[in-house]
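Colleague: I would like to learn how to read the packing of helices and strands in a model like this one. Could we go through it feature by feature?

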Amino acid sequence: MVKDLELRQRPDLIDGVWPLEAFWDQAEASIKYGFIGIGQGGSKIVDAFAGIRSAKDGEPVYTCMIVNSNLGDMKPLRNIPKHLQFGLKGYEQGVGKNPEIGRKAFLENGEEIFDQIQTRMADCQMIFVVAAMGGGTGTGAINDLVDAISDYSGIPASAIISLPVPHEVESLNAYNATSELISKLGELREDENGRHYRGIENISILDNLKIFEDHSQNPEFPELKLTWDFYSNYKVASIIHEWNVLTGMESHISLDAADLMNNIMQTGGVLTYAKKKINLDETVSTEDLLTQIVETYKGKNVLANGFDYKKDMKALGLVVVMPKDRADMLNQDTLELLRFKFRDELPNVGIYPGFVSYDNSQTAIVYTIASMAGLPERAKNLRKEAEELQRIREEKERNASGFNMGEKIGRTTLNAPVKKVTQSSNPFGNNAQKQTAAATEEKPKKFNPFSR
């Protein structure tokens, strides 16, 4: 048990499992994020964020809390302390994937929960509400909680949501809740003090189907032998945390925390993340390096695929992490060349680049984060997916063989002759045989068992 606890508290690993990149200890997280998980799926994702430890003192980096109806779902969590786990009283056995009941459960307990948020996250610069879109608790509660944080806390609200693997009930729930949440990106609001803000500042979308396929075909760390759900949780926690460390690292050409917040995180877009490692021993020229850097954002997205970058990109943040002994491959001159390439690729898009260095001999790591005015492919097609699954189920019900076994069959009674038996003291005596023979000659009589 002690060994397990010591492993979980290692700051180079998330939750004692997932390795962070080698620059993890060169800066503290630059933006103070808070994370609130709702429902089982959201709670598991936030538990991964709660497993991120500070390089300075080994304490948790982020303020995290979770809200759920089913108390049994909280037991497997490894990193969220009990006093930051909030059950929905009156709904301790769950809400059965019913978002309406999930919303009701949250609203009945919302006053106490929001008081805790106001107390524990008062110093956060941004609060992420995290939920799996498909169940009942998170799907039912996320829109009300996002509105409450945006309107009453004075802290910018964001969301991290996961789309379920296709399933009739879950896909329908996901579509209804996600479509309402997405609409808040374009809502500009003003409170009574004159503060202007969006209904939600950004949304990160995890496509569980995409991540499941990645995990089964080409997992990042196969030796960890993780199930796909933990793999997914660590992927999103690591990419957001590594970005938060990158923007705090020292550099002459930097994308700092203010750039990230003002120009990416608070632009009312869906966020898409990409990450690419480049072996510099195989990169033959600066031109080749620049081409690979530019192409990173178009590569396989970390969380979801199918964005229309040409049409929908609003802003792009880029950080290249170079080995210290090769950092001179990127300078102000190459930065301008990089900007020219991006202008050709993405005209009228704000590009915010940065370069930092770390202790590695051959590998450069490229990170991109884009604010998009459009959805990934799976989210775009979520309504069609839900309707098609519903159609398939209805057609199957119509074509089912059913339970009709036909009309009742009347019972037929065979009127066989009845042999009358006359009992005697000895069935083999002469008198008994005569009585039996006489009885056999009599005609059978009709008998009604219900006659009175």
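Colleague: How are α5 and α13 oriented to each other, roughly parallel or roughly antiparallel?

Modeller: A word on the basis before the answer: this is a predicted model, in which local features need pLDDT of at least 70, side-chain atom pairs count only at pLDDT 80 or more, and totals for chains, interfaces and linings use all residues. Residues are numbered from 1 along each chain as its sequence is written, and side-chain values use heavy atoms, with hydrogens and water left out. Helices (H or I, at least four residues) and strands (E, at least two) are DSSP runs numbered from the N terminus; axes are lines fitted to C-alpha atoms, for helices over the stretch in contact, and angles run from 0 to 180 degrees between N-to-C directions. Angles under 35 degrees count as roughly parallel, over 145 as roughly antiparallel, 65 to 115 as roughly perpendicular and the rest as oblique. Here the axes of α5 (residues 168–183) and α13 (residues 382–399) come within 9 Å and cross at roughly 150°, and therefore the two helices are roughly antiparallel to each other.

Colleague: Which residues of α5 and α13 meet?

Modeller: Contact means heavy atoms within 4.5 Å. On the α5 side these are Glu-168, Ser-171, Leu-172, Ala-174 and Tyr-175, and they meet Leu-382, Arg-383, Glu-385, Ala-386, Leu-389, Gln-390 and Arg-393 in α13. For classes, Ala, Val, Leu, Ile, Met, Phe, Trp, Tyr, Cys and Pro count as nonpolar, Asp, Glu, Lys and Arg as charged, and the others, Gly among them, as polar; this contact has six nonpolar, two polar and four charged residues.

Colleague: At what angle do α4 and α5 pack?

Modeller: Helix α4 (residues 137–153) packs with α5 at an angle of about 5°, the axes being 9 Å apart, which makes α4 roughly parallel to α5. Thr-139, Ile-142, Asn-143 and Val-146 in α4 meet Asn-173, Ala-177, Glu-180 and Leu-181 in α5, and these residues divide into four nonpolar, three polar and one charged.

Colleague: What is the angle between α2 and α7?

Modeller: Helix α2 (residues 39–50) and helix α7 (residues 228–246) pack at about 50°, with their axes 9 Å apart, and that makes α2 oblique to α7.

Colleague: How should I read the order of strands in the sheet?

Modeller: Strands of a sheet pair through backbone hydrogen bonds, either parallel or antiparallel, and two strands are taken as paired if DSSP finds at least two bridges between them. In this model an open sheet of 10 strands has the order β5-β4-β3-β6-β7-β10-β11-β14-β12-β13, with mixed pairing. Its edge strands, each pairing on one side only, are β5 (85–87) and β13 (350–358), and the twist averages 20° from one strand to the next. As one case, β3 (residues 33–38) and β4 (residues 63–68) run parallel and are joined by five bridges, with Ile-38 standing opposite Val-67 in β4.

Colleague: Which helix packs on the sheet, touching β12 and β13?

Modeller: Helix α11 (residues 332–345) does, touching β12 (313–323) and β13, and its direction makes about 140° with that of β13.
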